[in-house]
Amino acid sequence: MIIFDHVTFSYSKRIVLRDLSLSISDNERVAILGGSGEGKTTILKLILGLLRPDSGRIMVDGEDITTKTESELRDVRMKFSIVFQEGALFDSLNVKENVAFCLREYGKLSEEELDRRVRELLRVVGVEHALELMPDELSGGMHRRVAIARSLAACDPGMFLYDEPTSGLDPVNADTICRLITDLSRDNKGFIIVTHKMYDAMRVAGRFIFLKEGTVVFDGNREMLEQATVPEIEIFCRELRGIC
Amino acid sequence: MRIKEIINDLQDYYLLAMRGLAGVAGRPFYFKDTIEQMDYAGAGSFFIIVLVALFIGMALSLQLSAEFGRLGLKMYTGKAVGITIIREIGPVMAALVFTGRVGAGMASELGSMVLGHQVDSLRVFGVDPVRKLVTPRLISAIIMLPLLTIIGDALSVFGAYYIVVFVSNQSGYVYWRSIRDVLIAENIIAGSVKPFIFGFLIASISCYSGLMTRGGSAGLRQATTNAVVLSIIAIIISDFALTRILLYILGFSV
């Protein structure tokens, strides 16, 4: 359970989140929507303790993470699996080494076991053939899939966090990523997807949170979203109707 | 407000540099990353250091031969070249070249890792970015810059020899005897302490600038510029301070 309790956050003098309060259960499939710079990615970073709020509390499974040290946050971070925007693969390592990175760090696996595990994870995301490729040799879709495989290698997450997982992808690759996101949450595992692509959000999520000027202006399901009267949401939905 | 920001930056820089150094002692120690960085900083800088050092030595020798020739003191060219290169120009020249090549590289590499969320990824995976990224770069600079300085000094001396013997028509025997005379402990210590300090300053400033990168490609450009400019300023100021301190410690009167 994630709880934002009156959280305010700013970069230098620009306030990104204003007195934001929300709660998300472990098995929820949540899409956080909003325009660029509305604080969507910031919310993910705050959940992981990568950023600290100016004020307010962030509770993860009942623990206030805003007061935790970097080493204490490690246990909190192990509860999540995050795929950053563009994948954030280590560009000096090939696909195999990227996926094996965490396995080596925590490493008790032999090279043989490690190789088997990496191949297994790459098979799950459908890029086992890219084992020896470098990140700059991957297409956008493959990049995201390898990033998902790497995040799965890090831990057995309770919840997935996706930061713009389909941005910049063609419809076919975006569809593949959406299917993968749905597949990975089959064991009643929840996820938070941050996106500005309404079509993708509608495909995977059950709850929608819309941010505007650092506050939640909408929080509800698909039907409620389509009836919402917030002008920005109407624009997002209009784009969706155009696609459909 | 600006002063407060500068003090905050200095404090953050100091903490990063100290944590980077402390990473040498604790676990995990990223040996492979350290070797990779030493290869990049050392072997990768070898050719440019050789080239620059050779021509600096030749240019210096030309200037000194011309000036000493007018005064009838040509036989002192070797001694002046030796002292200048070993105690002053060699370490500073190597440090400036190292800044341009390695420092800028460190800042831009770390900066792009920050912008690409790779540093955040490390933190999420429970890896300390300072131990993983800063410590190997600090170690590589502290070890490789002194080695490059020694190589650079040697090449400068050889470059100067070429000018003294084949252009200025002086005795090679006298030149090498002068060089041998200046290779005393005081001069060697005075010249060899500096590269360790310069290496630490270049790596720590460059890593700090890179890790503080914000704001896309313009931010990356600013971070790289900051790394080079601040490193150069730090080298020049610390060179003066170290020269003053070392002359005092080694008993030279000014």
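**Helix across a sheet, and what surrounds it**

Trainee: Which strands does helix 1 of chain A lie across?

Mentor: Helix 1 (residues 40-47) of chain A lies across strand 1 (2-11), strand 2 and strand 4 of chain A. Helix 1 runs at about 120° to strand 1 of chain A. Axes are lines fitted to C-alpha atoms, for helices over the stretch in contact, with angles from 0 to 180 degrees between N-to-C directions. Helices (H or I, at least four residues) and strands (E, at least two) are DSSP runs, numbered from the N terminus.

Trainee: What are the ground rules here?

Mentor: This is a predicted model: local features need pLDDT of at least 70, side-chain atom pairs count only at pLDDT 80 or more, and totals for chains, interfaces and linings use all residues. Residues are numbered from 1 along each chain as its sequence is written, while chains are lettered from A and ligands numbered from 1 in the order in which they are written.

Trainee: What pLDDT does chain A average?

Mentor: The average is 88, and 98% of the residues in chain A score at least 70. pLDDT is the predictor's confidence in each residue, from 0 to 100. Among the elements of chain A, strand 4 (residues 55-60) has the highest mean, 94. Helix 9 (residues 231-243) has the lowest, 73.

Trainee: Back to the sheet. What is the strand order?

Mentor: The order is 2-1-4-5 in chain A, an open sheet of four strands with antiparallel pairing. Its edge strands are strand 2 (14-24) and strand 5 (63-64), each pairing on one side only. Two strands pair if DSSP finds at least two bridges between them.

Trainee: How many bridges join strand 4 and strand 5 of chain A?

Mentor: Two, in the antiparallel sense. Met59(A) has Asp64(A) in strand 5 as its bridge partner.

Trainee: What about strand 6 of chain A: parallel or antiparallel to strand 7?

Mentor: Parallel, with four bridges joining strand 6 to strand 7 (residues 159-163) of chain A. Ile82(A) stands opposite Leu161(A) in strand 7. Both faces of strand 6 (residues 80-83) are covered. Phe80(A) and Ile82(A) are buried on one side, Ser81(A) and Val83(A) on the other.

Trainee: What counts as buried?

Mentor: A residue is buried if 20 or more other C-beta atoms lie within 10 Å of its own, exposed if 12 or fewer, and partly exposed in between; the C-beta atoms are placed from the backbone. By that count, buried residues make up 41% of the 244 in chain A. For chain B the share is 45% of 254 residues.

Trainee: Why does Val146(A) count as buried?

Mentor: Because 27 other C-beta atoms lie within 10 Å of Val146(A). Val146(A) lies in helix 5 (residues 140-154) of chain A. Beyond four places in sequence, Val146(A) touches residues including Gly87(A), Leu89(A), Val127(A) and Leu138(A). Contact means that the C-beta atoms, placed from the backbone, lie within 7 Å.

Trainee: And Gly39(A), buried or exposed?

Mentor: Buried, with 25 other C-beta atoms within 10 Å. Gly39(A) is in the loop between strand 3 (29-34) and helix 1 of chain A. Leaving aside neighbours within four places, Gly39(A) contacts Val16(A), Leu17(A), Leu211(A) and Gly214(A).

Trainee: Which peptide bond is cis in chain B?

Mentor: The one from Arg27(B) to Pro28(B), with omega near 0°. Pro28(B) is in the loop between helix 1 (2-22) and helix 2 (31-71) of chain B.

Trainee: What is the secondary structure of chain B?

Mentor: Eight helices and zero strands. Chain A has nine helices and 10 strands.

How values were computed: Two residues are in contact if their C-beta atoms, placed from the backbone, lie within 7 Å.
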